[in-house]
Amino acid sequence: MDGLDDIVEEFLVESHENLDQLDSDLVALEQDPNSRERLSSIFRTIHTIKGTSGFLAFNRLEEVTHVGENMLSRLRDGELALNPTRTSVLLQMVDTVRALLTSIEASGGEGPVDVSGVVAAISAAMEDHPATPPTDAAPPAAAAIPSPRAATAKKATAQSATAKAAPAKAAPAKAAPAKAATRRGTATKAAPAKPAAAKRTTARKAAAPAATVAAPTPVAADGAADLESAAPVAVVAASETTHALPTTHSEGANAVMPQRTAGQPAVPTAPALPMAAEAAEHETESAQADGPARRAVADSTIRVDVDLLDELMLLVGELVLTRNQIVQNVARQTDTDLIRASQRLNLIASELQEGVMKTRMQPIDHIWSKLPRVVRDLGLQLKKSIRLEMEGRETELDKTLLEAVKDPLTHLVRNSVDHGIEAPEKRKAAGKPVEGVLTLRARHESGQVVVEVADDGAGIDPAALGAKALERGLLTADALHRMSPADILQLIFMPGFSTAAAVTNVSGRGVGMDVVKTNIEAIGGTIEVESVPGEGTVCRLRIPLTLAIVPALTVECAGDRYAIPQISLQELVSLDAEKAANAVEEVGGAPVYRLRGELLPLVRLTDVLGLASERHDGHVVIAVLRSEGRRFGLVVDRVINTEEIVVKAVGGQLKAIGLYSGATVLGDGTVALILDVQALARRALRTETTERQQSREATSSAAQAETERQRMLLAAIGGGRRVAIPLDTVTRLEQVRTDAVEKVGNREVVQYRGAILPIVRLDRHLGAYGETDREVLEVIVYADHGRSVAIVVEEILDIVDGEAAVRSDIDDLGLLGSAVLGEKVTELLDVRAAILAADPAFYTSPALAPESATTSLLEV
Amino acid sequence: MSAATDTEAAKAMASSGQLATFRLDGDLYGVEVEHVQEVLRSQGLTRVPLAPTAVAGLINLRGQVVTAIELRERLGRPPRPEGTDAVVIVVRLHGEAVSLLVDSIADVVDVDAADFEAPPDTLEGQARELIRGAYKLDGKLLLALDVHKAVSA
């Protein structure tokens, strides 16, 4: 008994997988109806299920797959063209098969699932619009039309056959040849003997499940069509069984005869033959070009219990630790053989660890492959035209997580189709393409998998949403008033919003969103929504990679090591004590660092964690991180290493701290916490800076096509005047102590990196009058061809994009004009003139001194 | 933990069974032996900044990261004296491993429901929440720890 159960179980697992593939194949096929390869793949899938179900005596399953297979074989052979109706019935067949499988899984039997409907539907669809019939069969088809009596008789018989067909299951292999024989008999004899033919048909039907195929066809002409399309298959079968060729061929011509007189006998035989044909055909098929590829895949994979993999994973972890101990001990030995062996062990253990970890990863496509079907069905149902696009389907995540996000993701997709994307008329009215686009995106980001469901629909109006929330008493007007539009959008995740009517009226979103949120949070993920009214909505899931391997930077802070996912890391900056003293400045109490002229807010990890740094030598190590579009520098004590780490979930208490995305075991066996860069940024950075940076980023990306010249450094020169200097002429920003300024003749110079740097004070140059008694001068260094000048300004303000600026021609000495930058009138510096004021020979004489000027300030 | 499961658990507690016992600040405590996965000597701990005080840190249990709860802190006892190492009891609850730091491990004791009594009234504060009751053994009291509550720091 156990043995049989195993077989059934394997059959179920395999079939379920195949069905998922089938769903997406069928939808894809609709886009590309001529793909023989896809058709063959679908055909084989159904054929396999049919074969196994016959073997396991799941009769109804066999019956459904059999008709489906019939249609598919004709589609594949080009006798039928694929149209939406046919796709729909095929999908319906897939559903029925799935229902049967579910029933088998639950009860061990086929249960009460009714298959006659779908069998009838498929048969009908097969006959609806016959593809161009073979020429020799065409005339009889026409002849068959004026015989309404035969049609009625046929219908009655066919229906009675449906009832009988299910219990009467003969082995298909046996039934087919038998039928072929009978059929030949009919073909020769049937013409004069109408009642006899009818009787024989009934008898035959009892033996052939395929008889049900004909059930709903109302007109004899359809029967004829059916026969025609079947006939070539019979020929194929014959040619493959070689000896039968002449007989079958003549039969193809004769077969129309009984049909003309009485539709019944011909109909049931039609599907019976291909069945025999398929067996032979399938063999030849798999030997064809696309056959081996598929078989190779099937042969090269095996199914493994996930628990077993978990166990392996733990064992490998243990092995790695033991390995580490051995390697450490061996390092103290002198035996070269032992050392070599331990090195090999080292390598192998690492590779083994990696290999085992990869076994649990699956591409997200595994769950996405179901979605085209969902979108298609729902789209048809709602009469919306929707295109589904997928980006990053190869993004891998842990299998258990994959399972956990399947339902929430499906829900989000349904939501987008249902409520997000507008009806075609509405889209047209809004000036959008009639076809809505639903985009699924997946990518790894900061040790998480980010999955986005984006639509180009109507979007959500925060005002309306807020009003609804007020009405439902979910929050007070005061609280609403204080919320930003982005925060208001997140209200859709509140449980009170989950009633369909409430939200559909507002914006059409949020049905069951609280459930989605709960599910995502249950696996340690987050969900957020962004929307631009009129343009669309994006739902973003962030899912942790509990078991995923992430490249990370390990850093030390207050004696402990922490891992920072490398995806957030942009660069590392190391400043020695001397430089750090100058380079790290305070802006309103917050430390910043000028990274190539841009202000980089600094966050000290020790401050965030409430620890005291163990580094007292004044060195500053900055990890430049990017999170959700903002950039900041994390000050750590020391950078240790980069390594691939395995993310382990941490317990609930630690998750609640909201700073750690997990923990990992480092190479030497110590546990290190993984910093959640997003959370860190949220905690440490003020929103105001964020928004400014984001808007700056938005403009800069928009202007990317423009030249770099558009980026301007804004500086105050005293007297309330602001000057913009094209950024590409700026080499560095520096600070120079006033008392370091020396005089050479009537020019001011400063010693800088072993060279003499001529100085131009912009305030004097441009006739403004700034404070003169400052201790430290803000200097913009401009270098070209090995020569440098220092341009002194009062204060560096910002870096802006000059693109949107309004320019005017009002100019003055030393200026190119003026523009509105950052909502203020700003003068555009004539850099050349300013430089010449400092060093008249700058553009004419070749380099003399400052060699070091071009080397980077940063030790990266 | 709801009141219903409390009483249920207390009943289970009151019934006879085996307790793995350990010492903490001079007292004898016990946890149901079926929860105990293993006992380890002192392990390297990775501290977790900003975590609740009772979280002593994280330990590496053969590649698995396990949270360690300092039972002294949890029970409102003074910190372990300098120079003495804690013993780690790994318990498995709902399939998840958590570890408890205690002073030293003692025997596995068979207890009899008849010896069970509710926590003494003098027991106060945090500790009272975490102690199910006491088994009166020969010459000493065995305090039954509510391990579920103890780990939900």
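# Briefing: chains A and B

The contact between the two chains involves 23 residues of chain A and 19 residues of chain B. Strand 4 (55-61) and strand 5 (64-70) of chain B are the elements that give two or more residues to the side of chain B that touches chain A. Strand 4 of chain B gives the largest share of that side, four residues. By type, the residues of the side of chain B that touches chain A are eleven nonpolar, six polar and two charged. The model is predicted.

**Chain A overall**

- Chain A has 860 residues, of which 42% count as buried.
- Its secondary structure comprises 32 helices and 30 strands.
- Among contacts in chain A with a separation of 6 or more, 71% are between residues 24 or more positions apart.

**The sheet of chain B**

- An open sheet of five strands in chain B has the order 3-6-7-5-4, with mixed pairing.
- The edges are strand 3 (36-40) and strand 4 of chain B; each has a single partner strand, so one side of each lacks a neighbour in the sheet.
- From one strand to the next, the twist of this sheet averages 30 degrees.
- Strand 6 (residues 87-93) and strand 7 (residues 96-102) of chain B run antiparallel and are joined by seven bridges.
- Within this pair, Ile89(B) has Leu100(B) of strand 7 as its bridge partner.

- Strand 4 and strand 5 of chain B pair in the antiparallel sense, over six bridges.
- In this pairing, Asn60(B) is opposite Val65(B) of strand 5.
- The two strands make a hairpin with two residues between them. Arg62(B), in the turn, has a positive phi of about 45 degrees.

**A sheet of chain A**

- Five strands of chain A form an open sheet in the order 2-4-5-7-6, and the pairing is mixed.
- Strand 2 (386-391) and strand 6 (526-532) of chain A are at the edges with a single partner strand each, so each has one side without a neighbour in the sheet.
- The average twist in this sheet is 15 degrees from one strand to the next.
- Strand 2 of chain A pairs with strand 4 (residues 436-445) of chain A in the parallel sense, over six bridges.
- Leu388(A) stands opposite Leu438(A), a residue of strand 4 of chain A.

**Helices packed on the sheet of chain A**

- Helix 18 (residues 371-382) of chain A packs on the sheet and touches strand 2 and strand 4 of chain A. The direction of helix 18 makes about 165 degrees with that of strand 2 of chain A.
- Helix 19 of chain A also packs on the sheet, touching strand 2, strand 4, strand 5 (448-455) and strand 7 (536-544) of chain A. The direction of helix 19 makes about 15 degrees with that of strand 5 of chain A.
- Helix 19 (residues 399-420) of chain A has 22 residues and spans 29 Å from its first C-alpha to its last, close to the 32 Å expected at 1.5 Å a residue.
- Where does helix 19 of chain A bend? The bend, of about 35 degrees, is at Lys406(A), and a proline, Pro408(A), follows within four residues.

Technical notes:
Residues are numbered from 1 along each chain as its sequence is written. Chains are lettered from A and ligands numbered from 1 in the order in which they are written. This is a predicted model: local features need pLDDT of at least 70, side-chain atom pairs count only at pLDDT 80 or more; totals for chains, interfaces and linings use all residues. A residue is buried if 20 or more other C-beta atoms lie within 10 Å of its own, exposed if 12 or fewer, and partly exposed in between; C-beta atoms are placed from the backbone. Two residues are in contact if their C-beta atoms, placed from the backbone, lie within 7 Å. Ala, Val, Leu, Ile, Met, Phe, Trp, Tyr, Cys and Pro count as nonpolar, Asp, Glu, Lys and Arg as charged, and the others, Gly among them, as polar. Two strands pair if DSSP finds at least two bridges between them. Axes are lines fitted to C-alpha atoms, for helices over the stretch in contact, and angles run from 0 to 180 degrees between N-to-C directions. The expected span of a helix is 1.5 Å times one less than its number of residues. The bend at a residue is the angle between axes fitted to the seven residues ending there and the seven starting there.
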